[in-house]
Amino acid sequence: MDHSSSAPVDYLHADRGIRSWIFTLDHKRIGVMYLVGIAASLVLGGLFALAIRTHLAIPALTHGTTPAASVPAVGEPAAVAAPEAAAVQADAAAGLAAEGQAPTAASTLQETPPRYLLTPRQYNRVFTLHGAIMIFLVIIPGIPAALGNFVLPLMLGAKDVAFPRLNLASFHLWVIGAVFFLAVLFTGGLDTGWTFYTPYSTTTDTRVVTAALGAFILGFSSIFTGINFIATVHMLRARGMSWFKMPLFVWSLYATAVIQVLATPVLGITLLLVAAERIFGLGIFDPKLGGDPVLFQHFFWFYSHPAVYIMILPGMGVVSESISTFSRKHIFGYRFIAFSSVAIALLGFLVWGHHMFTSGQSRLAGMIFSALTFSVSIPSAIKVFNWLATMYKGSISLQTPMCYALAFLFLFGIGGLTGLFLGALSTDVHLHDTYFVVAHFHYVMFGGTLVAFLGGLHYWWPKMTGKMFDETLGRLGALAIFLGLNLTFFPQFVLGSRGMPRRYFDYSLLLDRHPEFAGLNVLSTAGAFLTGLGFVIVVICLAHSLWRGRPAPANPWGAATLEWQTSSPPPKENFLRPPVLSESYDPYYLDDLEYDDKTGAYAGVPLGLA
Amino acid sequence: MRRRLATDRYSYSHGQGTLPAAMKREALSHNDTRGGDTRGGADRRAASAAQAARAVPASRGSEACDLRRQTGLFAWGLPLAQAGGSFWLPDPASTTAHYTDYLFYAIFYISAFFFALIVVLMTVFLILYRRRDSRSKADKAPSHSTVLELFWTFVPVCIVIYIFAAGFIGYMEMRTAPPDAYEIRVTGQKWKWFFTYPTGYVDENLHVPIDRPVRLVMTSRDVIHSLFIPAFRLKMDLVPGRYTSTWFHAVRPGEYPLLCAEYCGDNHSSMLAEVVVHEPGRFEKWLEEASNFMKNLSPVEAGRILYQRQGCAQCHSLDGTRKVGPSFKNAYGEPVRFADGTTAVADENYLRESILVPDAKIVAGYPPQMPPYQGLLDEDKIAALIAFIKSLSDAHADEATPPADADEAPAPDASP
């Protein structure tokens with residue numbers, strides 16, 4: 001607030017008071033508020049995930065040690081199958097169970113499940129809310145609304161987004177949507193799965209209408225962001241910034257925005273129809289009222305498959321930025337990466353039926369959707385090879401954002417390649433609705449989107465906060481998350497392909513035939529806790545930087561995109577003088593930037609920047 | 001470790017053999033079936049019998065446990081070896097399973113190759129081109145190459161065309177039932193399977209012959225369920241208000257798990273059944289005996305079977321345990337309090353009404369969740385169920401034999 005100094009006041013200190021945040025029109029502040037909200041949702045969704053994994057370790061640890069083993073009449077030497085290590089731990093629990101039910105016959109043993117963490121009703125609510133929160137509140141808005149909001153105008157050399165009030169409205173809608181989800185949580189929960197499949201969702205007695213309205217509102221939040229980004233990219237590029245001088249992150253956000261605007265209304269309409277069916281008894285999806293439950297799946301996936309690309313495309317954009325910057329090298333195949341984003345966005349609209357190969361849809365439809373699905377894999381492959389080619393002959397520095405980018409390559413590699421199993425018709429029939437699918441989409445959504453989100457957060461953290469974080473802690477967090485994520489989800493591929501269906505409250509009845517499920521589930525749970533530890537390290541690292549971090553220079557990583565050509569954190573109006581680009585400007589030409597050991601920053605002006 | 005590898009190799013050759021040849025053979029034998037060529041069918045029967053002879057029994061039996069004891073495979077890393085099948089997939093047991101397994105492993109090796117390529121390149125670049133001095137810059141290198149781009153577009157295109165085609169061929173086999181298939185109707189209901197045979201007999205497990213293909217015509221009474229038989233690589237949704245169908249031809253006698261794969265509510269994970277593949281010639285005998293259980297058994301015993309088969313067991317216990325609905329233990333002859341505050345004594349008429357029109361009177365403290373059985377049970381069956389419930393009453397069981405241990409787990413009533 002020192003107005004006498006010649007340095008401009010940064011956006012964090014430009015205004016004071018809570019109202020200056022809640023009703024701000026500054027895209028940077030809105031981005032920061034989104035970040036806080038998304039981080040809080042991530043913690044909530046993560047705790048649900050830990051509850052699920054803890055619950056699912058228990059059948060493995062207690063199986064075969066129930067008193068069933070001591071009743072000869074049952075004649076099933078099931079206890080033999082139990083791992084010795086588990087026997088010791090579970091004896092205590094089994095003993096308790098036996099005490100209470102000693103007088104009743106063997107039948108009780110089957111009817112009363114061992115003491116699990118959750119009851120079936122709780123378990124079904126927890127996995128539903130884990131999915132709904134993570135998808136609607138965290139992953140979909142994660143990169144575009146938090147990081148994109150902050151970075152997009154800066155990258156374009158603009159003062160703000162095209163419609164600052166719409167931007168604020170989008171955030172307020174996000175908060176209202178989140179409140180609806182919390183209301184669901186505190187008024188009895190939701191047990192439909194995040195997919196709201198009918199007729200289950202039209203007949204369950206849980207809070208479907210509240211959740212559907214919440215998702216409807218969040219949908220509008222997403223649409224507003226999309227409209228804003230499209231208009232901003234079209235209208236507010238700096239003078240001289242032609243389409244092919246835009247950073248690739250902007251291209252990915254643009255492609256994402258197109259999907260957000262075109263696909264989200266379908267989800268909104270579908271959820272309204274579900275609500276209308278429940279409230280007014282309209283027969284749309286429930287066959288008892290003359291509706292068609294499979295119609296819902298078509299509507300739902302018409303949005304929710306493109307939504308997968310809303311989630312992953314911005315992540316790919318972050319990776320494009322990081323890999324070029326930390327290899328100190330021009331991105332390889334700029335145009336192919338840019339156009340592959342657009343191709344993914346367009347082709348993504350044509351593949352929704354691959355979620356429905358076993359739904360009874362016709363063989364012809366199955367064939368067409370399978371073929372189209374494979375067409376989406378090509379642009380993704382192009383991106384991966386271009387990233388690798390960018391590293392070739394680079395000068396690679398393993399700073400934290402680069403660690404996340406490389407983790408993304410590894411994890412998205414697994415997530416993408418396992419998609420081939422699910423796009424192919426015959427293998428999908430076996431793998432559909434098993435843990436193989438769970439593992440696949442967690443590798444893509446968590447290993448892809450969330451890891452890219454964390455990478456982007458570390459990459460732009462100095463710009464957002466004006467503070468540098470501790471590299472050692474940052475890398476340690478990335479490593480723990482990378483290892484934990486693999487340990488959690490890789491065993492689930494094996495679980496799924498060997499026949500364990502998803503959304504199972506209890507798999508102990510399968511353990512006699514599939515003793516391998518026990519160990520795989522325990523491994524997965526151990527991985528979940530390691531991942532949780534990784535997140536704790538990330539929080540410590542970032543919190544520590546706010547407290548003790550050294551002030552960030554304008555350009556700590558040596559990137560040539562425009563957001564690094566203003567101070568960290570930027571002034572309220574982003575640039576003191578609007579940047580003007582000449583013909584020779586190239587967002588990935590890094591050779592004019594020199595590292596200065598004394599300041600720990602890159603000095604110099606990128607070629608073609610006035 | 002060595003032991004597991006050995007098992008892998010065994011099941012690989014056993015389950016898949018030389019795949020292209022196996023695929024051709026199977027395709028031929030299907031054509032034979034469609035053409036009604038008896039020689040093909042006989043060949044296949046002989047082959048199934050031979051396979052049956054050397055087949056490992058389902059690992060549920062005592063043999064499997066002996067194996068576990070002998071080999072001492074108690075550690076967690078090793079149960080895969082006991083469970084049969086390869087590392088990734090359970091033992092295949094249907095004629096179409098190898099289409100899936102073949103493609104699964106084809107994609108697996110393709111993916112493994114590309115994944116290794118990505119990781120190796122990444123690691124090599126990371127080591128070769130690490131930043132040695134914080135001020136060093138990258139060497140000069142081209143920033144685009146249309147030839148390279150086209151190369152790494154074209155190669156994946158060829159590979160995915162192959163994967164698509166292989167998946168499509170297998171899928172068409174799975175979705176096209178042979179015309180001579182034996183038809184069984186499948187009905188799903190929270191959280192129970194009903195298999196209706198051509199005689200009209202309904203069983204809770206899927207009993208099938210080994211010497212002919214079986215077509216399932218399926219629907220659901222409430223929400224969407226999905227029939228999943230991992231050993232047959234088979235899955236198809238059961239959608240209320242319409243029929244879906246699928247088919248399979250089992251190749252090895254034995255019992256295989258059948259699961260619900262589409263989330264359907266609280267007890268989704270216990271909506272399980274067995275597929276019982278009978279030895280050649282034994283299925284017909286089983287069906288005849290099973291279809292006549294009402295004639296051959298006393299009402300109480302028949303009622304006990306109906307209790308399992310009609311889905312009562314999912315919600316009503318036999319020992320006083322509270323489940324979704326009230327227990328049958330001591331239900332008969334006792335006063336009941338209803339949700340509207342009225343009371344009644346549970347006599348035969350009350351039990352009959354509660355079975356046929358459950359929502360007529362709701363017992364206080366229980367949700368109105370039970371589906372009506374009006375039209376689903378004939379008089380003999382209703383009488384048998386009531387006799388069975390009576391037999392569970394300590395005060396009124398005088399005319400009934402004392403109940404044996406109830407077994408809630410889905411278990412077959414006749415051995416294959």
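The contact between the chains takes 98 residues from chain A and 98 residues from chain B, and it is described here from a predicted model. On the side of chain A that touches chain B, the largest share, 15 residues, is supplied by helix α12 of chain A, which covers residues 363-391. The composition of that side by residue class is set out below.

| Class, side of chain A that touches chain B | Residues |
|---|---|
| nonpolar | 52 residues |
| polar | 30 residues |

Turning to the fold of chain A, its secondary structure comes to 17 helices and two strands, and its C-alpha trace spans about 85 × 55 × 50 Å along the principal axes. The radius of gyration of chain A is 26 Å, which agrees with a compact globule, because a globule of 610 residues would have a value near 25 Å. Of the 610 residues of chain A, 61% count as buried, and among the contacts in chain A with a separation of 6 or more, 83% are accounted for by residues 24 or more positions apart.

The largest nonpolar core holds 257 residues, of which V250(A) and F408(A) touch the most other members. Helix α5 of chain A, residues 120-156, contributes the largest share of this core, with 23 residues. When residues up to four places away in sequence are not counted, V250(A) touches L152(A), M155(A), L156(A) and V233(A).

How values were computed: Residues are numbered from 1 along each chain as its sequence is written. Chains are lettered from A and ligands numbered from 1 in the order in which they are written. This is a predicted model: local features need pLDDT of at least 70, side-chain atom pairs count only at pLDDT 80 or more; totals for chains, interfaces and linings use all residues. A nonpolar core is a set of buried Ala, Val, Leu, Ile, Met, Phe, Trp, Tyr and Cys residues joined through C-beta atoms within 7 Å. A residue is buried if 20 or more other C-beta atoms lie within 10 Å of its own, exposed if 12 or fewer, and partly exposed in between; C-beta atoms are placed from the backbone. Helices (H or I, at least four residues) and strands (E, at least two) are DSSP runs, numbered from the N terminus. Two residues are in contact if their C-beta atoms, placed from the backbone, lie within 7 Å. The radius of gyration is taken over C-alpha atoms; the globule rule is 2.2 Å times the number of residues to the power 0.38. Ala, Val, Leu, Ile, Met, Phe, Trp, Tyr, Cys and Pro count as nonpolar, Asp, Glu, Lys and Arg as charged, and the others, Gly among them, as polar.
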